[in-house]
Amino acid sequence: MRIFDPHIHMTSRTTDDYEAMYAAGVRAVVEPSFWLGQPRTGVSSFRDYFDGLVGWERFRAERFGIRHHCTIALNPKEANDPRLSGVLDLLPRYLAKDGVVAVGEVGFDSGTAEEERAFRHQLELAGEFGLPVLVHTPHRDKAAGTRRTLQLVAESGLAPERVLVDHLNEATVAMVHESGCTLGFSIYPDTKMSPERMVRVLSEWGPERMVVNSAADWGRSDPLATLRTGEAMLAAGFTGRDVERVLWDNPVEFYGRSGRLLLDDVHGADHTATYSGNSVLRGERAGGGAA
């Protein structure tokens, strides 16, 4: 099974996760910029974070045979912090970089006016840079937040096929499907979708424009949730081709609109290579003394 995880926060994961993901068939990922859990207090912290996404994390993933891409944005939660408004001015520098395949995560958290202003601005940046958009739908009042999201997307003039509306559930499938946007589902314990629920959605709506991700992060989550969804699809009678479409073709088609996807094989990358003097190895294996 060949897997592209289109939404996973690898900065929060370990090298063991990379090894397990590769063994499960994951060959490419997209890591959206997001809230780290600890509030950030200044624009410079975002600069360092974005540098890590386009640099070190991309390097680290390739040591384990996985192509890493990212999306860049001021996330909805932190759009409410006036100390971070300058992040919006920082974005153009990063949206022009290789490996950045969309603007995101953008959207709503609490549905504030500040969030909407940041959302509108970043939709404009997506049009300016010719990039797709990854949209976060809120955990609370999801239906209302999704409905408002689709209104803003329509007002932006962006083609719906260039917008992926993520973290959907049974209550929001119909409105996003009707909009023409790509539909994203996070297979995440307790708070989002399970493989079994996802199979029921796919049985009703079919695999077209459907994208499945793990959204694995610093919380209780599973970086192999995409594999488990593919296995559940097969057990429910979907064909291998259906699984390939959902877990590979659809995310490749969506993020491929950036013109920046790299999907060539990087298995066997040199583990002793360094990035800014740092290796994924430690101790004697890294060619030096104890770390």
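Student: Which residues in α8 meet which residues in α9?

Tutor: First, the ground rules. This is a predicted model, so local features need pLDDT of at least 70 and side-chain atom pairs count only at pLDDT 80 or more, while totals for chains, interfaces and linings use all residues. Residues are numbered from 1 along each chain as its sequence is written, and side-chain values use heavy atoms, with hydrogens and water left out. Helices (H or I, at least four residues) and strands (E, at least two) are DSSP runs, numbered from the N terminus. Contact means heavy atoms within 4.5 Å. Here, Pro 195, Met 198, Val 199 and Leu 202 in α8 meet Arg 228, Thr 229, Ala 232 and Met 233 in α9. By class, that contact has 6 nonpolar, 1 polar and 1 charged residues. Ala, Val, Leu, Ile, Met, Phe, Trp, Tyr, Cys and Pro count as nonpolar, Asp, Glu, Lys and Arg as charged, and the others, Gly among them, as polar.

Student: At what angle do α8 and α9 pack?

Tutor: Two packed helices are described by the angle between their axes and the distance between the axes. Axes are lines fitted to C-alpha atoms, for helices over the stretch in contact, and angles run from 0 to 180 degrees between N-to-C directions. Helix α8 (residues 195-205) and helix α9 (residues 225-235) pack at about 55°, with axes 9 Å apart. That makes α8 oblique to α9. Angles under 35 degrees count as roughly parallel, over 145 as roughly antiparallel, 65 to 115 as roughly perpendicular and the rest as oblique.

Student: How do α2 and α4 lie relative to each other?

Tutor: The axes of α2 (residues 43-54) and α4 (residues 87-95) come within 10 Å and cross at roughly 25°. The two helices are therefore roughly parallel. Val 43, Phe 46, Arg 47, Phe 50 and Asp 51 of α2 touch Val 87, Leu 90, Leu 91, Arg 93 and Tyr 94 of α4. That contact divides into 7 nonpolar, no polar and 3 charged residues.

Student: What volume does the largest pocket have?

Tutor: On a 1 Å grid over the protein atoms alone, a cavity is a set of points where a 1.4 Å probe fits but cannot get out; a pocket is an open set with protein on both sides within 12 Å along at least five of seven lines; lining residues have an atom within 4 Å of a point. Grid points are joined across faces, edges and corners, and a volume is the space filled by probe spheres set on the points. The largest pocket has about 430 Å³. It is lined by 19 residues, of which Phe 34, Trp 35, His 136, His 139 and Asp 217 lie nearest its centre.
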